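Student: I would like to go through this structure with you and ask, for each description, what value stands behind the word.
Tutor: Then let us set each value against its criterion and conclude from there.

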Amino acid sequence: MVKEIERAGIPVVHICTVVPISLTVGANRIVPAIAIPHPLGNPSLDKEEEKALRRKIVEKSLVALETEVTEQTVFDK
Amino acid sequence: MAKIRIVHYINQFFAGIGGEEKADIKPEVREGAVGPGMAIQAGFGGEAEIVATVICGDSYFGENIDAAKEEVLEMVKGYSPDLFIAGPAFNAGRYGVACGTITEAVQSELNIPALTGMYIENPGADMYKKAVYVVETKNSAAGMKDAVAKMVPLAKKLLNGEEIGSPSEEGYIERGIRKNYFTEKRGSERAVDMLLKKLKGEAFTTEYPMPDFDRVDPNPAIKDITKAKIALVTSGGIVPKGNPDHIESSSASKYGKYDIDGVMDLTAETHETAHGGFDPVYCNEDSDRVLPVDVLRDLEKEGKIGELHRYFYSTTGNGTAVGSSKKFAEEFSKELIADGVDAVILTST
């Protein structure tokens, strides 16, 4: 799906846990996530901390969308 | 002659430990054959014995690839096998990646002949088909018998250092290796034969298939994200509670388009996942853990993004054919463009 969205001309960022799969699929902007059953959360944290964690990942994905890339790039910093 | 010693790798599901709720188990080892190992051992007809089975949860492996690889390698090494077999993984994505990773590691780091098996669309196949022998299987465990029938002869050849035939002869996925051989007819004649067949509309086989580089260049970055309209898309199967469109839990034949106008937060009362490929407990408690609507609403209010698009698109990504997901995205991308969406955040489990 990520490739078809990109092909349609819309910049897309892929937030996913298993980065090697995303690379194989052909995503260009990739942001690593937390875990397979909860990519943007962590049930062991309290609600506030968990939301802050989620916000960090989403903000990273916004940075990815604002960054020019020429090849597949993993935004893991 | 002593029996061939095999170590076999399988996931928590095939070991009978459990489904997605047990996908986070760490690697463990059991003496002897477990689950599909019985069929593989039987396939060798008394010539081989599975001395140990290494079992690991698919999510644990997927989330800790490097650590899991090392742990599993140590376990394999402890049994000094003559041969290593992983899977087959059929169309299970994380399992396929695990099988490919560990097969490659056993082969290159322990120098032990190794092979695995999976369906051609398994992402693990694309990742590892060049490095190791990946026997092509059907897309579900119903193809176990067929998979074993291909894996055993190939394993024997690898073990004995025999020459391995072409992918179509041996049943493995093409590795992109070219081999020279002598042929009766020269190239010009073969080329003309092929052309004649093509002109007549008959089937012909190319001698040099073009590699399939289906890559899409990245689009230019968003200039000003604070003005951008952002849409959410997911393969994590988020749907309104009750799954009104009956999106299948795996091998999805459709996707859903859902209105989140005025929705500030996804909750256990409003949304859930239809995905059958991960433990749904955490997501069903709070679907923002897969589709971050709450955070994007905050960012929208604070002016950090222009706006969150009124609709999100969702399907389940497990076992869903590449062709289907391609078609889904082709369709909804047109709508996204018509709706003036500037960028997409796609989340996957």
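Student: How do you know that the length of helix α4 of chain B is close to what is expected?
Tutor: In this predicted model, α4(B) covers residues 93-109, which is 17 residues, and it reaches 24 Å from its first C-alpha to its last. The expected span is 1.5 Å times one less than the number of residues, and for this helix that expectation is 24 Å, so the reach is close to it.

Student: What makes α4(B) mostly covered?
Tutor: A residue counts as buried if 20 or more other C-beta atoms lie within 10 Å of its own, and 12 of the 17 residues of α4(B) are buried, so the helix is called mostly covered. Among the buried residues are G93(B), R94(B), Y95(B) and V106(B). After the helix comes N111(B), whose phi is positive, near 55°.

Student: Why are β4 and β5 of chain B said to pair?
Tutor: Pairing requires at least two bridges between the strands; three bridges join β4 (residues 83-86) to β5 (residues 114-118) of chain B, so the two strands pair, and they run parallel. Opposite A86(B) stands T116(B) in β5(B).

Student: What makes β2 and β6 of chain B edge strands?
Tutor: Six strands of chain B form an open sheet in the order β2-β3-β1-β4-β5-β6, with mixed pairing. The strands β2 (28-31) and β6 (133-136) each pair on one side only, and they are the edge strands. From one strand to the next the twist averages 25°.

Student: Which helices pack on the sheet, and which strands do they touch?
Tutor: Helix α1 (residues 36-43) of chain B touches β1 (4-11), β3 (48-56) and β4 of chain B, and its direction makes about 160° with that of β3(B). Helix α3 (residues 65-78) of chain B also packs on the sheet, touching β1, β2, β3 and β4 of chain B, with an angle of about 155° to the direction of β3(B).

Student: How is chain B divided, and how many residues of each domain take part in the contact between the domains?
Tutor: Chain B is divided into domain 1 (4-170) and domain 2 (225-347), and 34 Å separate their centres, taken over C-alpha atoms. The contact takes six residues from domain 1 of chain B and seven from domain 2 of chain B. On the domain 1 side, these residues divide into one nonpolar, two polar and three charged.

Student: Which pattern does chain A follow along the sequence?
Tutor: Chain A has three helices and three strands, in the pattern α-β-α-β-α-β. Of its 77 residues, 49% are buried, and its C-alpha trace spans about 40 × 25 × 20 Å along the principal axes.

Student: Which element gives the largest share of the side of chain A that touches chain B?
Tutor: The contact takes 45 residues from chain A and 50 from chain B. On the chain A side, α3(A) gives the largest share, eight residues. The residues of that side divide into 24 nonpolar, 11 polar and 10 charged.

Student: Why do β1(A) and β13(B) count as paired strands?
Tutor: Four bridges join β1(A) to β13 (residues 343-347) of chain B, and at least two are required, so the strands pair across the two chains, running parallel. Within β13(B), V344(B) is the bridge partner of V12(A).

Notes
Residues numbered from 1 in each chain as written. Chains lettered and ligands numbered in written order. Predicted model: local features only at pLDDT ≥ 70, side-chain atom pairs only at ≥ 80, totals over all residues. Domains from an automatic or database assignment. Contact = placed C-beta atoms within 7 Å. Nonpolar A, V, L, I, M, F, W, Y, C, P; charged D, E, K, R; others polar. Axes fitted to C-alpha atoms, helices over the stretch in contact; angles between N-to-C directions.
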